[in-house]
Amino acid sequence: MSSSLISKYNVPGPRYTSYPTVPYWENNGYTGEEWERHLKLSFNSENNNGGISLYIHLPFCESLCTFCGCNKRITKNHNVEEKYIDALLKEWQLYLQIFDTQPVISEIHLGGGTPTFFNAQNLKRLLTGILKNSKIHNTYEFGFEGHPNNTREDHLKALYDLGFTRCSYGVQDYDPIVQKTINRIQPFENVKRITELSRKIGFKSISHDLVFGLPHQKLSSIESTIIKTAELSPDRIAFYSYAHVPWIKGVGQRGFSEEDLPKNNEKRLLYEKGRELLELNEYFEIGMDHFSKTHDELFKSFKSGTLHRNFMGYTTSGSKLMIGLGVSAIGDTWSAFAQNEKSLEDYYQRIDKNELPIFRGHILNSEDLKIRAKILDLMCRFETNIEDLLPDIKTEILERLEEPFEDNLIQISDSQIKILEKGLPFIRNICMSFDLRLYRNKPSTQLFSMTI
């Protein structure tokens, strides 16, 4: 990839797990009542079709990883588990009171933080409490994120017995210098142990998360990491660009100097080498940042055109209703977003008052819904139809797409935009051309990580 393209397109940009992106949500007058109204409409539709998705945020970690941008609480005190699970189950009961019928759950994802911070019995108590008042869809998929150092056999057995068949382990990089810098030290042996154990117990889809662009990361460490990863043959691999946003996430991402980070062309070479090695090991690119073996459901969903993307990232579930439980969790009815309180103390306080702990949200207007569908198409299928856009909006978007068209990143016809292979590394930039809210209200300060 030419350095001129990298220089041109390496700008701050969203990752588009939603549209509008969170900084452009209109929160004026947003209330829990508004969220409930949209929730009911979506529930009555989605629950009778593909079922609903649940994202459960488990925020606790025993140590701080200095590359992490997640909402987390660092503690070694495991007494916090009981109180938090009590709050989650109470929040779920508040949702059950809103629904007219028993919910049908098609997807559960445990994210964090570190979900395997919680002991197996507490995870079982949480999930049993949720599932006992629900039906499970016949094509359900339950997954969790685990830390290779603290995920144990009893975790895996408890979750597998409850229907979990997908797990994701954060690896990042095996280089000891990189691991020390980001405070995430986990030997290959630990990852090997838990990957093989997961497979032995019966997990059908095992994913490893790798990150490029980390401090002190070199081509040699990317090569070594992916070669070692291929030895374990996970079914999916997420190969993310490190999102450096210390102005948002604070001290956690200031554990190293800016000079320690690979820049522009150097960082892009890390991606290109990683992508080359992944393809050599028969991993195929799915959407943005994701690679999969052909037998995995993610690959099949991509090939069939049913791949979906939401606040959990890429998913095989096409449900337009996702409920977020826990501190900072985000819910999505397709026509509305709602985010829970981001402070653990505020979250507990709202739950204690028998209130849904919503602190901000957004109601999508007709234009938002149209643009959301286009960006989702590009993210999941690398193409979108533009025939139904209003003439002035279509003209505005096409003007912004002139540069990527001239650079042979996209193909344009009267009715369609298609991202070419050369354009896949710039998918965020291409989606930004459709982002009406971003261009109408350009931020005066940097809100997003760099696209490259």
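Helices here are DSSP runs of H or I with at least four residues, strands are runs of E with at least two, and both are numbered from the N terminus. With that in place, I can say where Ser-233 sits: in the loop between α8, residues 219-232, and β8, residues 236-241. Please keep in mind throughout that this is a predicted model.

I'll start with the backbone. Ser-233 has a phi near 50 degrees, which is a positive value in a residue other than glycine.

You will find Phe-382 in the loop between α13, residues 366-381, and β17, residues 383-385. Is Phe-382 buried or exposed? Its relative accessibility is 11%, under the 20% limit, and Phe-382 therefore counts as buried.

Next, cis peptide bonds. One runs from Tyr-19 to Pro-20, with omega near -5 degrees. Pro-20 belongs to the loop that links α1, residues 3-9, with α2, residues 32-46. Another joins Gly-112 and Gly-113, and there omega is about 20 degrees. Gly-113 is in the loop between β4, residues 104-112, and α4.

Helix α4, residues 120-131, packs against helix α5, residues 153-161, at an angle of about 15 degrees, and the two axes are 9 Å apart. Angles under 35 degrees count as roughly parallel, which is why α4 and α5 are described that way. Their crossing is right-handed. Which residues make the contact? From α4 they are Ala-120, Leu-123 and Leu-127, and from α5 they are Asp-154, His-155, Ala-158 and Leu-159. Sorted by class, the contact of α4 with α5 has five nonpolar residues, one polar and one charged.

The other pair on my list is α3 with helix α12, residues 344-352; their axes come within 10 Å and cross at roughly 50 degrees. On the α3 side the contact involves Val-80, Lys-83, Tyr-84, Ala-87, Leu-88, Lys-90, Glu-91 and Leu-94. These meet Leu-344, Tyr-347, Tyr-348, Ile-351 and Asp-352 in α12. The contact of α3 with α12 has nine nonpolar residues, no polar ones and four charged ones.

The largest core has 56 residues, and Trp-92 and Tyr-95 have the most contacts inside it. Helix α3, residues 80-98, supplies the largest share of this core, 11 residues. What does Tyr-95 contact, leaving aside its neighbours within four places in sequence? The list is Trp-35, Leu-39, Ile-323, Gly-324, Leu-325, Leu-356 and Ile-358. Apart from this core lies another, of 41 residues, including Tyr-16, Leu-376, Ile-417 and Phe-426.

Last, Arg-268, which is placed in helix α10, residues 264-280. With a relative accessibility of 4%, under the 20% cut-off, Arg-268 counts as buried. Between the C-alpha atoms of Arg-268 and Ser-335 there are 36 Å, for a separation of 67 residues along the chain.

Note on methods. Residues numbered from 1 in each chain as written. Predicted model: local features only at pLDDT ≥ 70, side-chain atom pairs only at ≥ 80, totals over all residues. Heavy atoms only, no water. Axes fitted to C-alpha atoms, helices over the stretch in contact; angles between N-to-C directions. Parallel < 35°, antiparallel > 145°, perpendicular 65-115°, else oblique. Left-handed = near helix turned anticlockwise from the far one by under 90°. Contact = heavy atoms within 4.5 Å. Nonpolar A, V, L, I, M, F, W, Y, C, P; charged D, E, K, R; others polar. Buried < 20%, exposed > 50% of the residue type's maximum accessible area, 1.4 Å probe, protein only. Core = buried A, V, L, I, M, F, W, Y, C linked by side-chain atoms within 4.5 Å.
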